[in-house]
Amino acid sequence: MSNDPFMELQDAKELAKVIYGKVDVVLFGHKHDVGQWNNRWGIKHILASDNSPGKNFAKEIDITDAGILINNLPIA
């Protein structure tokens, strides 16, 4: 897993400058890796999702007035 939450995204630094401190959650897909970074680049939660077939869990994002919770839910 890469230490860079935007992995190989072209112009990642430019995107980071635009969204820094302005968004709470960034979601993106990556076909090989699942990842979660908290409090990086001025963003509370950054989540990378891989392809889901054959996985035993999925992420649930619960956004309320109290805050943002991210949980792993089992896939039956």
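**Exposure, strands and pocket**

Me: Is Asn 39 buried or exposed?
Reply: Buried means under 20% relative accessible area and exposed means over 50%, with partly exposed in between (1.4 Å probe, protein chains only). Asn 39 has a relative accessible area of 63%, so Asn 39 is exposed.

Me: What kind of model is this, and on which atoms do the side-chain values rest?
Reply: The model is predicted: local features need pLDDT of at least 70 and side-chain atom pairs count only at pLDDT 80 or more, while totals for chains, interfaces and linings use all residues.

Me: Which pattern do the elements follow along the sequence?
Reply: Elements are DSSP runs numbered from the N terminus: helices are H or I with at least four residues, strands are E with at least two. The protein has one helix and five strands. Along the sequence, they give the pattern α-β-β-β-β-β.

Me: What is the order of the strands in the open sheet of three strands?
Reply: Two strands pair if DSSP finds at least two bridges between them. β1 (25–29) and β2 (35–40) are the edge strands, each pairing on one side only. The pairing is mixed, and the order is β1-β3-β2.

Me: Which strand runs antiparallel to β2?
Reply: β1 and β3 pair in the parallel sense over five bridges. Five bridges also join β2 to its antiparallel partner, which covers residues 43–49 and is β3.

Me: Which residues of β1 point to one face and are buried?
Reply: Side chains alternate along β1.

Me: Which residues form the aromatic pair, and what is the angle between their planes?
Reply: Rings of Phe, Tyr and Trp (its six-membered ring) pair if their centres lie within 6.5 Å; planes under 30 degrees apart count as stacked, over 60 as edge-to-face and the rest as tilted. A search of the whole structure finds one such pair. Phe 28 and Trp 37 form it, 6.5 Å centre to centre and stacked, with a plane angle of 10°.

Me: Which residue is the bridge partner of Trp 37 in β3?
Reply: Trp 37 has a relative accessible area of 8%, so Trp 37 is buried. Phe 28 stands opposite Ala 48 in β3. The bridge partner of Trp 37 in β3 is Ile 46.

Me: Where does Trp 41 lie?
Reply: Trp 41 has phi near 60°, a positive value in a residue other than glycine. At 27% relative accessibility, Trp 41 counts as partly exposed. Its place is the loop between β2 and β3.

Me: What is the phi of Asn 39?
Reply: Asn 39 lies in strand β2. The phi of Asn 39 is positive, although the residue is not glycine, and is near 55°.

Me: Which element gives the largest share of the lining of the largest pocket?
Reply: A pocket is an open set of points on a 1 Å grid over the protein atoms alone, where a 1.4 Å probe fits, with protein on both sides within 12 Å along at least five of seven lines; lining residues have an atom within 4 Å of a point. The largest pocket is lined by 15 residues, with Val 34, Ser 49, Asp 50, Ala 58 and Lys 59 nearest its centre. β1, β3 and β4 (57–64) each give two or more residues to the lining. The largest share, four residues, comes from β4.

Conventions: Residues numbered from 1 in each chain as written. Heavy atoms only, no water.
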